[in-house]
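Have a look at it first, then read on.

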Amino acid sequence: MEEKNKLSVQNIIGRVTHGLVGMDIFLNEKKSNDYLKDFLTLREDEIKEAFLSRSVPKKLIPSHEAELSKEESAFLSCVRKAQEIVAKIDRVESDREIEDCINELGSRMDIIYATVPER
Amino acid sequence: MLDGLNSVEKHVRTVSLEVPYVFKLESLEKAKELFLKWLDIYKMYTNGYRGEILPRTSRHVIRMLSSFTNDLENQVREVFEARIASEAYLLVNEFLKTFARGTPCCFVLAEHKEFNQTSIGTLLTDKLNNLSQPRPRVGMANLDIVIRDIKIRDLPVICYDHGQFDNVLSWPLLLHEAFHYLYSTQRLDRLAKDCPQVSWLEEALIDMYIVNYFGPAYALSLATYLQKYPHEKTITHPSFVSRIFIALKYLEKVQEDNKLPLPSSEHVAHVFDYLKRVWDEHKESDPLEVQDQVSKVYDVAERKVKELISENTLPFGEFLMETEKRRRKVYEKGEYEYVENQVLSVSDVMEYFDYGIPAAADPRIIFNSFISKGRQQMINDRRTGLFIKESLKKWHLKNAWLEAKARKPG
């Protein structure tokens, strides 16, 4: 069960990273791409299930779990905001808006990485 | 990322494979090849992402792939740094050799947080499912070929609970995990016909199978382990109480049949009492409905389980009687002085143990020589574990010698 949860955390990390990659590629190519589509399909309940659900025991290291709980709403709203931008990315007028989104989402990912194993 | 990959690759390539048994060495070599192919896949991803123009986000990609490499390194450690004694390989190998219908079966043991069974290909697929959509756009042509190759050469990984690495008496539980592999490869779901369709049926049938094959020693290992680490009912597993109930049903039938030779018939009574005590303490937590389902599964499948065992060897009770018969024959013919002709029974093994001499007996005999009340009190005696390990080694040696002799011309 713990292993399954770790995999779903990796899945979230992978798809948010795809969002970042997709936005980066968009800034260079000025057209939508598969990475962005993958990020758009990420649902709020998937994030909650992977990181924060209490229904599955031994989810994360306890001290990190408390820390992550505090970040829950910030991370979710950050992903939501990024998805709104990605959804209408073809119509975004300034690159600045996308770059800000990359920076903000990237910072939130730093916090998530503090709770999962990293080399 | 490449630094991380290179250090893991170096670790896999230089991992020490100095092991005494050829079949174990072959299995570890195969595992090594598969892990290196797995690393190739990560390299393909890395190079693929390198082909993208990512001035702002390459840091995040490197981080993501690095964290996945970390998992791979953990899997490698679980296999190559497993602390369980090599003789556990002998036990599992004998089991798989008996039931894999003559085809050589490679496997590896891995130190994990629980008893479990998986394969290197399955582990890889799980990881890739979290990595592969969408793939990098560059250099992915060979990826599917490598993944297919890993699946073709796949290797079962039988995991033991890391807390049990030095507890030899928990080894029979490895057979349960090994049987999961046979259950899927030999399509043994025919056992499930006419059984109540419950989600944990496979687990229950495997417990039935192993207890009928390995006898009371398995029942005792199971109850001792589950009492220490109880688990509730999950989708795939019946609760620990139900699993003990299955073993109890077996012991009850063995006692009813009353066919086991001494001293095993006496020992069974002790094992039954122990399991009954554990079950009585916890039975309230299992709904009556579940107990009924377990009982029904046992009654419906028992005959089929025994038939299935008999296709390859004998169920435990019959095996014990057959061993006694063969032993008597050797004595009658006066051939007992030749070590390779000796057939050892439970009472022989107990006597060998008292003299401190390892006994070249069948693993089922060895483990079932430690189920009496008196022997159970010695469960934490290091001598017991050492004796079992050395006996398995001696038994393996004897068989290897007999096989070599049979191959020798003339």
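How many residues of chain A are in contact with chain B, and with how many residues of chain B?

1. Let's begin where the chains meet. In this predicted model, 24 residues of chain A are in contact with 21 residues of chain B. On the chain A side, helices α1 (2–29), α2 and α5 (95–113) each supply at least two of the touching residues. The most comes from α1 of chain A, with twelve residues.

2. Next, a word on confidence in chain A. Its mean pLDDT is 78, and 73% of the residues of chain A reach 70 or more. Among the helices to look at, α2 (residues 34–40) of chain A has the highest confidence, at 92, while α4 (residues 62–87) of chain A has the lowest, at a mean of 75.

3. Please take care with residues 54–61 of chain A, where the pLDDT is below 50. The model gives this stretch eleven contacts beyond near neighbours in sequence.

4. Now to chain B, which has 17 helices and three strands. Its radius of gyration is 24 Å, close to the 22 Å that the globule rule gives for 410 residues, so chain B is as compact as a globular protein of that length. Along the principal axes, the C-alpha atoms of chain B fill a box of roughly 80 × 60 × 40 Å.

5. Finally, the inside of chain B: 41% of its 410 residues count as buried. Of the contacts in chain B with a separation of 6 or more, 78% are between residues 24 or more positions apart.

Terms used. Residues are numbered from 1 along each chain as its sequence is written. Chains are lettered from A and ligands numbered from 1 in the order in which they are written. This is a predicted model: local features need pLDDT of at least 70, side-chain atom pairs count only at pLDDT 80 or more; totals for chains, interfaces and linings use all residues. Helices (H or I, at least four residues) and strands (E, at least two) are DSSP runs, numbered from the N terminus. The radius of gyration is taken over C-alpha atoms; the globule rule is 2.2 Å times the number of residues to the power 0.38. A residue is buried if 20 or more other C-beta atoms lie within 10 Å of its own, exposed if 12 or fewer, and partly exposed in between; C-beta atoms are placed from the backbone. Two residues are in contact if their C-beta atoms, placed from the backbone, lie within 7 Å. pLDDT is the predictor's confidence in each residue, from 0 to 100.
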